[in-house]
Amino acid sequence: MKTRQAAIIGCGAIHTCHVDALRHVPGAVLRAVVDIDSEKGSRLAADYGCDFYQDYREMLLDDAIDVVHICTPHYLHKPMILAALAAGKQVFCEKPVVMNPQEVDEIQAAAALAQRHVGVCYQNRLNPTSLAIQRCIEAGSLGTMHAIKAVLTWSRSGNYYAASPWRGNFATEGGSLLINQAIHTLDLMQWFGEGVRRLKGVVDSTLLADEIETEDSAMVTLCFNNGARGLFYASNCYASDSPLLLEIEFERGMLRLHDNALWQICGDERVLLASDASPDGVGKSYWGIGHQQAVLHFYQALDNAATASFCDIREAAKSLQMVNTIYQSSLLRKWVNITE
């Protein structure tokens, strides 16, 4: 692979996954980190042996930098992506790529004008269990898919939101539970179901109602393009971060993901198909273990976009559209169709 110089904007918890991933990409070199906290950023830059910038716009003037990784609060994604594209950089961004479908259109237009790629980190698609599910679906050995169920119960306290005031506000986070914690699960569901044609959802704030203006719980019924139905429940009001429970029912059996292990269940027969190991102490296990592969796939695409596979802006828009449609459905209290 060609040697490429990378910069990471935002030195919060998730940035360590990107630092680790870059170490596993042939030819990738971390040239700079950017953070508004100069003390933290300078310390990390010294640890990583790279440059430090407090202002990302100054970093973008460095012609040696090829790829920019964006790991900042949601509301900063759009201006940073647009600025990086205008500076001729390739962009790899944490989810959500932006905060609504209209902003997706702006990013798509800017990427086309700059003739650059925008990759989005939906790393859970690359977990061993996710890939095994997709292989089972493509093989068709279990027959027609009937339904997908997902339950996600995590814990977020008032202190979590107080520590990062941009969270819990529609203007800066774009929502909360759905657009932040649950968007990976929604992405997997629509991926397995070949997209969503309509849904009806309800969102609310319960235990966190006095802390945030956004939602902490959601319930959704979905109709997938492949004819299956879907049930989704999520909440940030549990006592801990439980592993995702996901079940896919087929005419001749079931796939069940529980405790990070994927089982194929046909009558009394249970077969372990795949397991997701913890990510070597880097980041948090519920983020999934696919960051290395997600970053690698993106850099491979920079060498050969025709053969490489990565989550681009078009793919990322699907789950973002789901999130916005759920908010709309909850407000209207009715089914809402999703159009391409």
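A nonpolar core is defined here as a set of buried Ala, Val, Leu, Ile, Met, Phe, Trp, Tyr and Cys residues joined through side-chain atoms within 4.5 Å, where buried denotes under 20% relative accessible area, exposed over 50% and partly exposed the range in between (1.4 Å probe, protein chains only). The model is predicted, with local features requiring pLDDT of at least 70 and side-chain atom pairs counted only at pLDDT 80 or more, whereas totals for chains, interfaces and linings use all residues. Residues are numbered from 1 along each chain as its sequence is written, and side-chain values use heavy atoms, with hydrogens and water left out.

The largest nonpolar core comprises 73 residues, of which M59, I81, L178, L222, F232 and I248 touch the most other members. Helix α12 (residues 313–332) makes the greatest contribution to this core, with eight residues; helices (H or I, at least four residues) and strands (E, at least two) are DSSP runs, numbered from the N terminus. At least three residues of the core come from each of domain 1 (4–120) and domain 2 (124–284 + 313–337), the bounds being those of an automatic or database domain assignment. Apart from neighbours within four places in sequence, L178 is in contact (heavy atoms within 4.5 Å) with I183, L186, V203, E215, A218, F232, V323, I326 and Y327. A second, separate core of 27 residues includes A6, V25, A28 and F92.

An open sheet of nine strands shows mixed pairing in the order β14-β13-β12-β11-β7-β10-β9-β8-β15; two strands are taken to pair if DSSP finds at least two bridges between them. Its edge strands, β14 (269–275) and β15 (336–337), each pair on one side only. Seven bridges connect strand β9 (residues 217–224) with strand β10 (residues 229–235) in the antiparallel sense, and C223 stands opposite R229 of β10. Helix α12 packs on this sheet through β8, β9 and β15, its direction making about 60° with that of β8; axes are lines fitted to C-alpha atoms, for helices over the stretch in contact, and angles run from 0 to 180 degrees between N-to-C directions.

Helix α10 lies across β7 (145–153), β8 (196–204), β9, β10 and β11 (245–250), and runs at about 175° to β7. Because nine of the ten residues of α10 (residues 183–192) are buried, this helix is largely enclosed by the rest of the structure. The buried residues are I183, H184, T185, L186, D187, L188, M189, Q190 and F192. Just after α10, E194 adopts a positive phi of about 60°.

A further open sheet has six strands, paired in parallel in the order β3-β2-β1-β4-β5-β6. Here β3 (51–53) and β6 (118–121) are the edge strands, each pairing on one side only. Neighbouring strands of this sheet are turned against each other by 25° on average, direction ignored. Strands β4 (residues 67–70) and β5 (residues 90–94) run parallel and are joined by four bridges; Q90 in β5 is the bridge partner of V67. Helix α4 packs on the sheet, touching β1 (4–9), β4, β5 and β6, and its direction makes about 165° with that of β5.

H74 lies in helix α4 (residues 74–86) and, at 5% relative accessibility, counts as buried. A polar atom of the H74 side chain lies 2.8 Å from the backbone oxygen of E173. Leaving aside neighbours within four places in sequence, H74 is in contact with K95, P96, M99, W166, T172, E173, I179 and N180.

Key: A polar contact is a pair of N or O atoms within 3.5 Å; within protein, one must be able to donate a hydrogen and the other to accept it, and residues adjacent in sequence count only if both atoms are side-chain atoms.
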